[in-house]
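This report describes selected strands and helices of one protein model. The sequence and structure are shown first.

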Amino acid sequence: MTTPAPAENTPWHVSLPAPRHGIGELRVAVWADDPSCPVDRATAQALEAVEQALASAGATVHRTKGPVDFAGSLRLFEQLLHATTTAATDDASAAAELAAARALQDDDTSPRATVLRHRTQTHRTWLRADEERHRLRETWHRFFADAGPDLLITPAAPTPAIPAGSRSLLVDGAERDFFDQTAWMNLTSHTGLPSLIAPAARDTNGLPIGVQITGPAYSDRLLLAVAEELAQLPALR
């Protein structure tokens, strides 16, 4: 991912920095929940266990509400994603989608209508969304810069693993949009920040619960090292 393809015939290369500190010297922010994508009790408890384990290992841990608007960031991700998925659409299908989008009522805010509008957006609309993406990336940069945290821990999903083939999502008994299952993972997908999922706990049914670790740009090696150390902490084994 960080090496130019042979066809590019370019001299550039990326040398990712090695971790400078062990887990006990890190400043860790935890974004544990958000009204736009609430987590269930088991997931909340898993995050608390990770916080306590990190603090016991010497890390400086604090909670944050996050530097960006969760719902707004996810909306932008979906807009850019749906625009990209049209790349392989043939001309006839694209024409049919354009016609269907023009026929939508202005007050139609259904998921189908939203996807259609995103897939048929004008180039000008996409350019404005891309500019919004750059502003979002700068917000994340400021969050990690200066005296900010070395990394951010969030839920990987609002619940433990769900059954394969399931199309419903319950958070402490309340039904949620099924696509909330990937909302936390998509929080920074369109900003270029590195992130990974690490196992944290299991619920009473033995189902795995993960946490997402996100860092500033090019901190990939740090995240890998933290995930390895996290797996070895006695409180999480």
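Strands here are DSSP runs of E with at least two residues, numbered from the N terminus. The model is a predicted one.

**Strand 3**

Strand 3 covers residues 151-155. Because 5 of its 5 residues are buried, strand 3 is largely enclosed by the rest of the structure. Strand 3 is joined to strand 1 (residues 27-30) by 3 bridges, and these two strands run parallel. Within this pairing, Leu152 in strand 3 has Ala29 opposite it. Strand 3 also pairs with strand 7 (residues 208-214), in the antiparallel sense and over 4 bridges. There, Ile153 stands opposite Ile213.

Thr154 lies in strand 3 as well. Is Thr154 buried or exposed? Buried means under 20% relative accessible area. Thr154 has 1% relative accessibility, so it counts as buried. Leaving aside residues up to four places away in sequence, Thr154 touches Trp31, Leu47, Trp184, Val211 and Gln212.

| Helix | Residues | Number of residues | Span | Expected span at 1.5 Å a residue |
|---|---|---|---|---|
| Helix 1 | 41-56 | 16 residues | 22 Å | 22 Å |
| Helix 2 | 70-84 | 15 residues | 21 Å | 21 Å |

The reach of helix 1 is close to the expected value, and the reach of helix 2 is likewise close to its expected value.

Which residues of helix 1 are buried? They are Thr43, Ala46, Leu47, Val50, Glu51, Ala53 and Leu54. Seen down the axis of helix 1, these buried residues fall within an arc of 165°, so they line one face of the helix. An α-helix has 3.6 residues a turn, so residues three or four places apart point the same way. The exposed residues Arg41, Gln52 and Ser56 are on the face of helix 1 turned away from its buried side.

The cover over the buried residues of helix 1 includes strand 1, strand 2 (60-63), strand 3, strand 6 (195-202), strand 7 and helix 6 (220-232). Leu47, one of the buried residues of helix 1, is also among the residues that Thr154 touches. After helix 1 comes Gly58, which has a positive phi, near 105°.

In helix 2, the buried residues are Phe70, Gly72, Ser73, Leu74, Leu76, Phe77, Gln79, Leu80, His82 and Ala83. What covers these buried residues includes helix 4 (111-119) and helix 5 (123-144).

Key: Residues are numbered from 1 along each chain as its sequence is written. This is a predicted model: local features need pLDDT of at least 70, side-chain atom pairs count only at pLDDT 80 or more; totals for chains, interfaces and linings use all residues. Side-chain values use heavy atoms; hydrogens and water are left out. Buried means under 20% relative accessible area, exposed over 50%, partly exposed in between (1.4 Å probe, protein chains only). Two strands pair if DSSP finds at least two bridges between them. Contact means heavy atoms within 4.5 Å. The expected span of a helix is 1.5 Å times one less than its number of residues. The arc is that of the directions from the helix axis to the C-beta atoms.
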